[in-house]
Every structure is written in C-alpha cells, then in structure tokens.
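These are my notebook entries on one model, written down in the order in which I looked things up.

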Amino acid sequence: MCDNREETVNASSIARGLGSATGTRTPREAGSRAIEAAARWGLATRGVLYLLIGVLALRIALGDHGEQADRGGALQVLAQQPFGAALVWAVGIGLVCMALWRLSEAVFGAAGPDGGAARKRLAGAARAVFYGVVAYSVLSFATGERGSGSSDRQSQDVTARALDLTYGRWLVAAAGAAVAAAGVWIAVRALRRGFRKYLKLGAMSRRTRRTVEALGVCGGVARGAVFAVAGGFALSAAVRYDPDKAKGIDDTLRTFAGTAAGPWLLMAVALGLALFGVFSFAMARWRRV
C-alpha cells in the first residue's frame, strides 16, 4: 500500500516537473494564473477610478463646481484623453475582471486559510454583483450612453423604482442601512489595518510597508465615510418617501463641503479617495490572490 502511494506521489511530482521543464501548465494552474491576472487588472482599474474621483472632488473643494466627482465624471475625463475610447473600454473590461475574480472567490473560496468560509463566499458573491453592475454602467458609457455613468441620477432612479414596489420603503431602508454599515465596516477595518493579511509583506521593504499601510488607512477611512453618508441619505429617502433624498457619490461629496468644516472637510475626503486609488495600485502589485 505504501509503495503504491509513493509511486503515485512520485508520478505526480515527475508530471509537474516535466510540465515546468517544457513550459506547459496544467488546466488548474492556467486557471489560477488567469484569475490572478484578472484580479490585478481589476484592482488597478479601481485605482484609476478612485484617483480620478479624488482629483475631481479636490477641484470642487477648490471652487470648480462644473465637473462631477463620481464615476461618470471620471469616465468623462478619460474619454477626453488621447485614445479616450480605448481607455474607457479598458476600464470597463477591468471591472468585468474584478467581478469575475470576486465570483471565483464565491465559487472556489478566497485566498487565505479561511477563504472557504461561508461568510467569505457570501462576501465574494456580493462584491461580484456590485462590480458587475458597475462594469455594466461603464460599458454602457463606452457604447455611447453618456448619462449611464452618473451616480446621482442612477441613485435617484433606482430609489424611485424601488419605492414604488410593495414594501419598497422597507427595501430602500434595508439597502441604505446595509450601505451605511458597510461604510462603517470599511473605515474600521482600515483603521485596524485589516488589509495587511492580504498583502505579500515579505516582498516589501520596511519603507514600502509603512507607505502602503498609510495609504490603506487614510484611503479606507475616506472611502468608508463616503459609503456611510451615502447609505444615510438612502435611509432618509425611505423615511421621507422621497427618492430625491437619495444621493450618489457626487452629491454625497458635495455635502461634506456644506458642513461646518466647509470645503476643508471635502478636501480631506477627496485627498483620502485619491490615496485609496494609489493604495489600489499597491494592492494590484502585492495582494495575495
């Protein structure tokens, strides 16, 4: 029995060795490489969007109110660049890759010792749906539907349709509470540096680790704050039965400028979102997939 088992192990080892020597990969290895490539492309794409949204929000804080600080505004900026159409398509495809990566986590489990846990799979499924919706919006923009990227319009339209449903008010309230809770969770996890367990820390120098951690904390807190406030507005829309109370990213960010802290708070949040974009680039380089 032991001899047979050893022969099987040796045969498997020899097969892997031959595959490495000849440059061929097993289907499982090829699929793993494809998922890793999709994840890194998706994370880099997320970085581009957040960096641009942060820059646009910073312009608003400095007095330029003509542009939208949301996904639609970021896509408009990309579309105006040389080869702009190709850039927008690249972002859309990157978001599709992000959705597929998260879907693979829901089906096969995420990286890490507890990646196969039910909560991890559910989180992967929820993220896959989220990025799938965002990817559809971006690809619609790429095909010529210029209004499809506006988060404010989308939030109000979706809220209005949901409120017309049976128990629609409760549905909107639950969605708003979930988004607000997710925002708080994102901010708390960033403060606790929960992202460290996903990073290849051994591949970084001490200075790089400190820089990436600072980016993750500042960017995560800013991102969480935006989600939490946007969720609060959705709750307000449900309570008042008014879809106009729902706000997308652009209107949510402008709300920060209307607080007692004025444009300084918006400036801090805008800088945080831009830093989260840079952090996403770091994740594309060093994240475990």
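**Entry 1: overall composition**

I looked up burial and found that 40% of the 289 residues of the protein count as buried, where buried means under 20% relative accessible area, exposed means over 50%, and partly exposed lies in between (1.4 Å probe, protein chains only). I note that this is a predicted model, in which local features need pLDDT of at least 70 and side-chain atom pairs count only at pLDDT 80 or more, while totals for chains, interfaces and linings use all residues. Residues are numbered from 1 along each chain as its sequence is written, and side-chain values use heavy atoms, with hydrogens and water left out.

The protein has 10 helices and 0 strands, both taken as DSSP runs numbered from the N terminus (helices are H or I of at least four residues, strands E of at least two). I computed an accessible surface of about 15,800 Å², 63% of which belongs to carbon and sulfur atoms; the areas come from the Shrake-Rupley method with a 1.4 Å probe, and for residues only the protein chains shown count as cover. Among contacts (heavy atoms within 4.5 Å) between residues at least 6 apart in sequence, 74% join residues at least 24 apart.

**Entry 2: helix H4**

H4 has 25 residues and reaches 36 Å from its first C-alpha to its last, close to the 36 Å expected at 1.5 Å a residue, the expected span being 1.5 Å times one less than the number of residues. Gly109, whose phi is positive, near 100°, follows H4. I also recorded a nonpolar surface patch of about 480 Å², made by Val96, Leu100, Leu103, Val107 and Phe108, and Leu100 lies in H4 (residues 84–108). Patches are made of residues with over 30% relative accessible area and no salt bridge, with like charges joined within 9 Å and nonpolar side chains (Val, Leu, Ile, Met, Phe, Trp, Tyr) within 5 Å.

**Entry 3: salt bridges**

With a side-chain nitrogen of Lys or Arg required within 4 Å of a carboxyl oxygen of Asp or Glu, I counted 5 salt bridges. Arg193, Arg196 and Glu213 are linked in a network of them. The closest N and O atoms are 3.2 Å apart for Arg193 and Glu213, and 2.0 Å apart for Arg196 and Glu213. Arg196 lies in the loop between H7 and H8 and Glu213 in helix H8, so this pair ties together parts that are 17 residues apart in sequence. Glu213 counts as buried at 15% relative accessibility, whereas Arg193 counts as partly exposed at 38%.

Asp250 and Arg254 also meet in a salt bridge (2.9 Å, N to O). Because they are 4 residues apart in helix H9, they are separated by about one helical turn. Asp250 counts as buried at 3% relative accessibility, while Arg254 is partly exposed at 24%.
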